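Dear colleague,

I am passing on the structure below, and after it I describe what was found. Please keep it open beside this email while you read.

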Amino acid sequence: MAITSWIRTFPLVQYLIAWTQEIFMSVLKTGPVPQHVAFVMDGNRRFARRRKLEVREGHSAGFESLAHILEMCYQVGIKVVTVYAFSIENFKRPTVEVDALMEIARTKLLQIIHHGDLADRFGISIRVLGQRSMIPPDVLAAIDKSTEMTKRNTTAILNICFPYTSRDDIATSMREIVTKSEKHELDPETIDERLLEQHMFTKDCPPLDILVRTSGVERLSDFMLWQSHQNCTVEFVNCLWPEFEPWRFGSILLKWSRSKAVEFRKMEMERDQKQL
């Protein structure tokens, strides 16, 4: 690992890597591109343990990995990225770790505010989805600043689920519908799946195309359960999140693009046959 990192410091190697990435990105742009992808960023703690680092350093490495993946997503043309930053269940972890996660979140959001190159370059609107009442005041202030400063961006969206669970998302939607029904703002007879979706945190987003979970764990852990139930490709990747490099995600995008291209050709053939 150390030798590989050393080799990458050579200017020629850096140039070749950048050139290869640019070619690969151009190839990805030619095919169908997903409109909405989501990530369960799992493995930060194991990454830290394996390297004998503080847990906080593992989470910091995870945020650095996220920055690289986000840049790739928006360069390719993905419109919405949703990340599982903090589960409501994470409050059960040791207080020291929870406090560290909150401080990292606050720091990274403030970095976006003061050095918002990524948000400005790709026109990203930042949205934080979850239960605001559970967030400490200083972190909430950073959230409000970042969302306020990017709310006029309309090209792309970054959804940060924090703190969030899918069951809470569904329950919150149901409570809002019941409240409106009690106030006679809607007819109970109109309640259906579509109405439920219209009251979820992701109501303004396109359908979820790809959900990726790292660390080799094959479960969704209460994330985007409703959104991933139909026409969504779920990818379980056997590497820790800080090790999830853009080329790994690029291979997932390429596979998805090929499968969609096959589906489109099949639909066209069926349509042509019907016209004969």
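Predicted model: local features only at pLDDT ≥ 70, side-chain atom pairs only at ≥ 80, totals over all residues.

Arginine 167 is exposed, because its relative accessible area is 53%, where exposed means over 50%, buried under 20% and partly exposed in between (1.4 Å probe, protein chains only). Its side chain meets that of glutamate 89 in a salt bridge at 4.0 Å, N to O, a salt bridge being a side-chain nitrogen of Lys or Arg within 4 Å of a carboxyl oxygen of Asp or Glu. This pair links distant parts of the chain, 78 residues apart, since arginine 167 lies in helix H8 (residues 166-182) and glutamate 89 in the loop between E2 and helix H5 (95-114); helices (H or I, at least four residues) and strands (E, at least two) are DSSP runs, numbered from the N terminus. Salt bridges that share partners join Glu89, Lys92, Arg167 and Asp222 into one network.

Residues are numbered from 1 along each chain as its sequence is written, and side-chain values use heavy atoms, with hydrogens and water left out.

Turning to the sheet, six strands form an open sheet in the order E3-E4-E2-E1-E5-E6, with parallel pairing, where two strands pair if DSSP finds at least two bridges between them. The edge strands, E3 (124-129) and E6 (233-236), each pair on one side only. Strand E1 (residues 36-40) pairs with strand E2 (residues 80-84) over five bridges, and there histidine 36 stands opposite valine 80.

The largest nonpolar core has 45 residues, and those with the most contacts inside it are Phe39, Val81, Phe162, Phe244 and Phe249; such a core is a set of buried Ala, Val, Leu, Ile, Met, Phe, Trp, Tyr and Cys residues joined through side-chain atoms within 4.5 Å. Helix H4 (residues 55-76) gives the largest share of this core, seven residues. A second, separate core of twelve residues includes Leu129, Cys161, Leu211 and Cys232.

Finally, ring pairs link Phe39, Trp241, Phe244 and Phe249 into a cluster, where rings of Phe, Tyr and Trp (its six-membered ring) pair if their centres lie within 6.5 Å.

Best wishes

Conventions. Phe/Tyr/Trp six-rings, centres within 6.5 Å; stacked < 30°, edge-to-face > 60°.
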